[in-house]
Amino acid sequence: MAEGWSSAGVDLHLDWSRTGRPARALADALRAAIRSGRVRPGAIVPSTRALAADLGLARGTVSGVYADLAAEGYLTIRQGAPTRVATGLHPRPRRTLPAAVISHEAPPRWNLSPGQPDMSAFPRAAWLAATRRVMTSAATESLGYVDPLGDPELRRTLAGYLRRSRGVLAEPEQVVVGAGFAHLLAWWAHVVRARGVRTVAFENPSLDSLRAIAAGSGLRIAGVDVDDEGMRVSEIDAPAVVITPAHQYPLGVTLGPARRAALVRRAVESGLLVLEDDYDGEFRFDRRPVGALQAMAPEHVAYAGTTSKTLAPGLRLAWLVLPQRLVREFRDAAPALGERHPSAIDQLVLADLIETGAYDRHVRRMRASYRRRRDRVLAAVDPGLVRPVGIAAGLHLVLQFPPGGPDDATIIRAAKRHSLAIGLLTPNWIDPAGRPGGIVVGFAASADHAFTPALEALTSMLTGLESSESSTDH
């Protein structure tokens, strides 16, 4: 019977059998691993001592097999150096996926994708310094399995930070830390469904991937239109709602004061469950950002924030501030969501960044940078071709085409010609038929040195679209 083994030092899985002559079986297993390409030319193989110990063989047996394989040209043995698979071998190609599911298309050269910060500006030095401090001072038990609601130190730190920066009314026990907002949305959807909710309202338009998460949790999606004052709160016909009141995605408007009051009143009087997605609330450019909706009704509004826009999406760190009455329900629901909790060390590092002021300094620096970029986009685009939509905030800007403007297929072809990554407005509509078209420009996504050519590619693309539309009309 074949058995799998993994050697100490250098891991190597071998399928071999103890029966018969062990030397021959080991040699056959090594040849098969090399011929199949599972162990590539130039790869280090385990030392004779380590492999012998793992397989329960005499070291002399393994040494003899290695010598035989070296003589056959499979291995290279040099005194004082690790044994390696010989170069110049041509192993059987590895099995690949069918060509139909493999994309060989090069990624766009210029990146104006929405929803991405400038990751080249990630505060590496500050993160590294915080990591050193954490690893020097962290208690041993803090490196174990974390509380499913998040590390207590980060929850305490976030409660203070959110009170100070966004006006959120939060106690540490109300804060839940998750592996990104998508994780927290799925968690929230699971909890509200367990409460009997079957329909959740979303802004129309809104991010289609978030609606898909709610729908995947068994909730029906009800769209509520957005105008210049934000979501039309009076049209909500569902027991729960997900809303971006500070900077609506993607249209970029703010929920007006009267509608904020109406939404809170509805939550208090009828028990409407509200999830406030404050995905980029740190980035308001023209004045101080509007405070969190949660502060108006902390026992009825769950508040969500994330590092995916302030630092990097790859950190997978986000938070919810819950009404007290939902905390126990979230804890009870945690096992159903699986082990998707963020790294304990990353949570401690973020807490350190906030406590030392490094996080605030980074946010202020990026706020100034993104404001300059947004101003440059507005100065570069021709208002006769597209209409910019939204307040001076965030990491993206919608450029809306007039009626009869280019369709999505035409925009996609034009973007490919200019090797430009952008977003489309259409997929965000729940019911796109008859809705305005446009593009969503993520002015934060590029590194500083690449922003100017990316902006040039955008303006060239828009001019080309106008020219093609004019020629079509004639």
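A residue counts as buried when its relative accessible area is under 20%. That cut-off comes back below, and everything here is read from a predicted model.

**View 1. Helices α1 and α3 cross at roughly 45°.** Here we look at α1, residues 22-35, and α3, residues 59-72, whose axes come within 10 Å. With that angle, the two helices are therefore oblique to each other. Their crossing is right-handed.

**View 2. Side by side, residues of α1 meet residues of α3.** On the α1 side you'll find Ala23, Leu26, Ala27, Leu30 and Arg31. Facing them from α3 are Thr61, Val62, Val65, Tyr66, Leu69 and Glu72. Sorted by class, this contact has eight nonpolar residues, one polar and two charged.

**View 3. Phe122 and Trp127 make a tilted aromatic pair.** The whole structure holds five aromatic pairs, and this is one of them: the ring centres sit 5.7 Å apart, with 55° between the planes. Both Phe122 and Trp127 are buried.

**View 4. Tyr161 and Tyr359 pair up edge-to-face.** Their ring centres are 5.5 Å apart and the planes make an angle of 80°. What parts of the chain does this pair link? Distant ones: Tyr161 belongs to helix α5 (residues 152-166) and Tyr359 to helix α11 (residues 358-380), 198 residues apart.

**View 5. A closer look at Tyr161 and Tyr359: buried or exposed?** Tyr161 has 4% relative accessibility, so it counts as buried. Tyr359 has a relative accessible area of 1%, so Tyr359 is buried too.

Technical notes: Residues numbered from 1 in each chain as written. Predicted model: local features only at pLDDT ≥ 70, side-chain atom pairs only at ≥ 80, totals over all residues. Heavy atoms only, no water. Axes fitted to C-alpha atoms, helices over the stretch in contact; angles between N-to-C directions. Helix = DSSP H or I, 4+ residues; strand = E, 2+ residues; numbered from the N terminus. Parallel < 35°, antiparallel > 145°, perpendicular 65-115°, else oblique. Left-handed = near helix turned anticlockwise from the far one by under 90°. Contact = heavy atoms within 4.5 Å. Nonpolar A, V, L, I, M, F, W, Y, C, P; charged D, E, K, R; others polar. Phe/Tyr/Trp six-rings, centres within 6.5 Å; stacked < 30°, edge-to-face > 60°. Buried < 20%, exposed > 50% of the residue type's maximum accessible area, 1.4 Å probe, protein only.
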